[in-house]
Every structure is written in C-alpha cells, then in structure tokens.
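Biologist: I'd like to learn how to read a model like this one. Could you take me through it feature by feature?

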Amino acid sequence: MKRILAAAAVSALILSSCGQSSRIEALRAENEALKAEKHTLELALKAYVEQIDVIYKLPREPRLVKQPPVLFTDMVLCYGGSPSRGALGVWDKERFSASVTYTDPEGKEKWLYDGFLAIEPRLWGRPSGDPENVALAGEDMGGMEMSGHKEHWKELIDYWMAPGNGFHALEEAVADAASRLGEPPYKRKVVMNLPDAVLHEYFEILDSRTAYWGELDGREMDFAVPEDRAAACKWYIDTMNEAFKAAGFKYIELIGYYIHSEEIPTPTRGWRWGWKKLDVYLPMVSDYLHSKGQYLTWIPYREAASYDRTGELGIDYTWMQPNYYWEGDRYPWDESMKMIMQNGLGMEFEFDDRLLESSPESAEQRRRFYLYIDYAKRSGLYGTRSFTYFQDTDTMRNLLRSDNPSDRKVYDDLCSFVADNPLRKKVKR
C-alpha cells in the first residue's frame, strides 16, 4: 500500500511539473505576442508624431488655382485590369460604344464622353503566381499581400494595351462611330492610372522594406528616397507613352496620368501621412509630365486632405467627389459646391446600378443623382469646368440595354447633360 501511495505521489509530481512547463511556455508565447504588438504600436506612434492633426479643421483661405486648358469636358471612369473582374474585366469595342456615342429620342446620334480614364487600384486574384493580391494604390489595402512591384505596374500597362481590349478597343469604337458621324471634332482624350509608389512593401507594416520595387539602370529603387519614387513613376510614364505612341492611334490621345489615392495627406492634415508621404514626390512627377506636354489629374473624396492645395502639388485637373449619391444629406450640397467653386475644381458625378428601376433603392438613388445635374447647373459649374463620371461597373451599358422606359429616361437625361455640355464649344482643337 505504501508503495502504491508513493508511486501516485511521484506521478502527481510529474504531472504537476508537466503542467507547470506548459503554463510557462504559454506565458512565454503570450509575452512574445505582446512584445510584437508593442513594437507595431511604437512604429505607428512614431509615424503619428510627425502628423499633428490638431489643426486639421482650422479655417483656410481658399486658393483659386489656374484653370488648365479645356482639352475635354466629360470623362468617364473605366475600371479594368484586375483578374477578379471576370467578364467585366474586358473593355472591348462593344462595351466602349455605350460611352462613345448616344442616340437621342429623336433618333439623332451624337458624340458622348470625350474623355476616358483607365483606372485600377489593385490586382485581385492574379493567376500568374505569388502574390495573388497586389495593391497599386496606397490606401484601402485590406486583403492585399504586398504593394505593387515594377512587374505589377507593367501588368497594368499590358492590360490596357492588349489587342482587342482597352485603348485599342476604344480606338475601334471611335473609328466605328466616325464612319457614321464623320470625324469627331477633336480626339477623344485618355488618362492612364499612375500606380502609387507605396512607401513600404507592406503598406501597414512600417518596418517592412522600402527597397522592394525593382531596379532602374542597374540600381535598386529605395522608396524611402523621394527621388527614387519619382524615378519609378517616370519609368512607368515613359513605358506607357512609348507603347501608346507605337500603337499609332488616330482618334484617341493620351494626355496625362491619374493619382489614385483619394486623399494626399500632409504632416498636419489627413490620415496616415507617415504611411503615404505622397506629397514628397508628386511635384517631381508633375514637373516631368509637364516637360512631356502632359498633365496630372486627381479625384479626391469630399474635403479630402490637399483638395485645396492642388496647385502646390502640381495637379492640373481635379474633380471633387460630392459623395452625396452614397451618403445623402450627411454631405450638404451647398457646402460641397462652395468648396468646388472656390478652389477652382471640377466635380465628379457618382452613380451605379441602383439607378435601374429593378433596384429597390432606385427612387432614392435617382433623387440623389438628379441633384448632381441640378447643382452643376445652378452653381455655374456646367459649361465652365469639366466633369468626371463614376459609373461603378457597367451602369452606362446596363441603362442603355434596359427595356424599362424609366431607365431609358434616366439614360437620356444623363447623356443629354454630357453631349450638350456648353463647354464643348471651348475645347482646344
């Protein structure tokens, strides 16, 4: 009996020792996790120390920027390049045709949009291997495995320059319309998405490497150096310009590039300046574009950081998003128009498939949409400054194809606003 008790005591001691060991290992693991979290927080705090946000809402005097030349009046956004878009990842002649011309209720065909913005913020679901998801813009990085490298930037160019797709298809759509209407009064203008030179290889990890993008002239670019970020953008511009020129297009003209990030924070205004620092290299990119006779464009969200300092950054064309279509009366129209008019900006129209009668939200979204037309006219913006048009995925074509008379009326009203824009009389030929 004593032997049994002694054995039991030894077993209990062993089990106790094992349990203690497991608890120690668990505590060690927890401690390491806390240290990692502390390190991340310290990095974030260091970045925010540079960004004093307390004066973000201080009143600022509006600074009216010099108006750029009128090269176009109405530019539609065309999202494409990410493999995740599936069938809507194809911009062929038929798809572009819905935005190139418009046939009014009397049967008269007219030229419609005279500008086309090629845009893509990220490459989701890449089939060509790791990484599967790549960011081309320094914001909204959820799900992105890394920031775009040199080869990923080139993927976007290759997409828009592929035969039968993108700019080749746009050229075909305009040529086809010209065979019916005669030569367009001026070339249709094209603007190309310029990827952000994202500071870190992993946007939100502030100690991930900055020398990741790739080489130029045998030297690894380090995005901690503003000049290297600008150099990468210059390479992209040159590569795109050369491909576009080699295509020999007759009806379309590449006039500039587009900054995708919808805000450009500074150390004192905006969100996550320490993560982005776009303002340190964009003026260099602007100078380079101007030397090529091209322009830098931007579409900030309502009251985004730097919307009122575009001249300092070298941005030529800026259209503010009223965001009313999404948020309604949370963003009053009078205040939005005051910001737009006093700062020499254009305006972006915003709409999506909820304009269609089949949507349960159609009535409210149409009410909001028609206020864009109303305020554009009553403010004096219509006929004096250009517009951009966010159509989500394929709304122009969906409105055109609809058999519903009320959908056709929305389509006619939108197209009439675009095609009859009085500013077209002032477009530089």
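Modeller: Let's begin with burial: a residue is called buried under 20% relative accessible area, exposed over 50%, and partly exposed in between, using a 1.4 Å probe and protein chains only. Take Tyr236, which counts as buried because its relative accessibility is 0%. Across the protein chain, 52% of the 429 residues count as buried.

Biologist: Before we go on, what are the ground rules here?

Modeller: This is a predicted model, where local features need pLDDT of at least 70, side-chain atom pairs count only at pLDDT 80 or more, and totals for chains, interfaces and linings use all residues. Residues are numbered from 1 along each chain as its sequence is written, and side-chain values use heavy atoms, with hydrogens and water left out.

Biologist: What average pLDDT does the protein chain have?

Modeller: pLDDT is the predictor's confidence in each residue, from 0 to 100. The protein chain averages 90, and 89% of the residues score at least 70.

Biologist: Over which residues does pLDDT stay under 50?

Modeller: That's residues 1-15. Where pLDDT is low, the predicted coordinates should not be read in detail.

Biologist: How many helices and strands are there in the protein chain?

Modeller: Helices (H or I, at least four residues) and strands (E, at least two) are DSSP runs, numbered from the N terminus. In the protein chain they come to 13 helices and 15 strands. As for how the chain folds back on itself, take its contacts with a separation of 6 or more: 72% of them are between residues 24 or more positions apart.

Biologist: Now strands. Which strands does S11 pair with, and how?

Modeller: Two strands pair if DSSP finds at least two bridges between them. Strand S8 (residues 188-194) runs parallel to S11, joined by 7 bridges, and Leu194 stands opposite Ile259 in S11. S11 also runs parallel to strand S12 (residues 295-298), with 4 bridges; there, Tyr258 has Thr297 in S12 as its bridge partner.

Biologist: Why is S11 described as largely enclosed by the rest of the structure?

Modeller: Because 7 of the 8 residues of strand S11 (residues 252-259) are buried.

Biologist: And what would an open sheet look like?

Modeller: Look at S5-S6-S7: 3 strands in that order form an open sheet with mixed pairing. Its edge strands are strand S5 (122-123) and strand S7 (146-147), each pairing on one side only. S5 and strand S6 (residues 134-135) run antiparallel, joined by 2 bridges, and Arg122 has Ala135 in S6 as its bridge partner.

Biologist: How many aromatic pairs are there?

Modeller: Rings of Phe, Tyr and Trp (its six-membered ring) pair if their centres lie within 6.5 Å; planes under 30 degrees apart count as stacked, over 60 as edge-to-face and the rest as tilted. By this rule there are 35 aromatic pairs. One of them is edge-to-face: the rings of Trp153 and Tyr236 have centres 5.9 Å apart and planes at 90°. Trp153 lies in helix H3 (residues 150-160) and Tyr236 in helix H5 (residues 226-247), so the pair ties together parts that are 83 residues apart in sequence. Trp153 is buried too, at a relative accessible area of 0%.

Phe351 and Phe369 are also edge-to-face, with ring centres 5.7 Å apart and planes at 80°. This pair links the loop between strand S14 (346-350) and H11, which holds Phe351, to helix H11, which holds Phe369, 18 residues apart.

Biologist: What about side chains in loops: what does Ser386 touch?

Modeller: Ser386 is found in the loop between helix H11 (362-378) and strand S15 (387-390), and is buried, with a relative accessible area of 10%. Not counting residues up to four places away in sequence, Ser386 touches Phe72, Thr73, Trp319, Gly346, Met347 and Leu423. Phe72 is 314 residues away along the chain, yet its C-alpha atom is separated from that of Ser386 by 7.0 Å.

Biologist: With which side chain does the Ser386 side chain make a polar contact?

Modeller: A polar contact is a pair of N or O atoms within 3.5 Å; within protein, one must be able to donate a hydrogen and the other to accept it, and residues adjacent in sequence count only if both atoms are side-chain atoms. For Ser386 the partner is the side chain of Trp319, at 2.9 Å. Thr210, in the loop between S8 and strand S9 (215-216), makes a side-chain polar contact with the side chain of Asp222 (2.5 Å).

Note on methods: Contact means heavy atoms within 4.5 Å.
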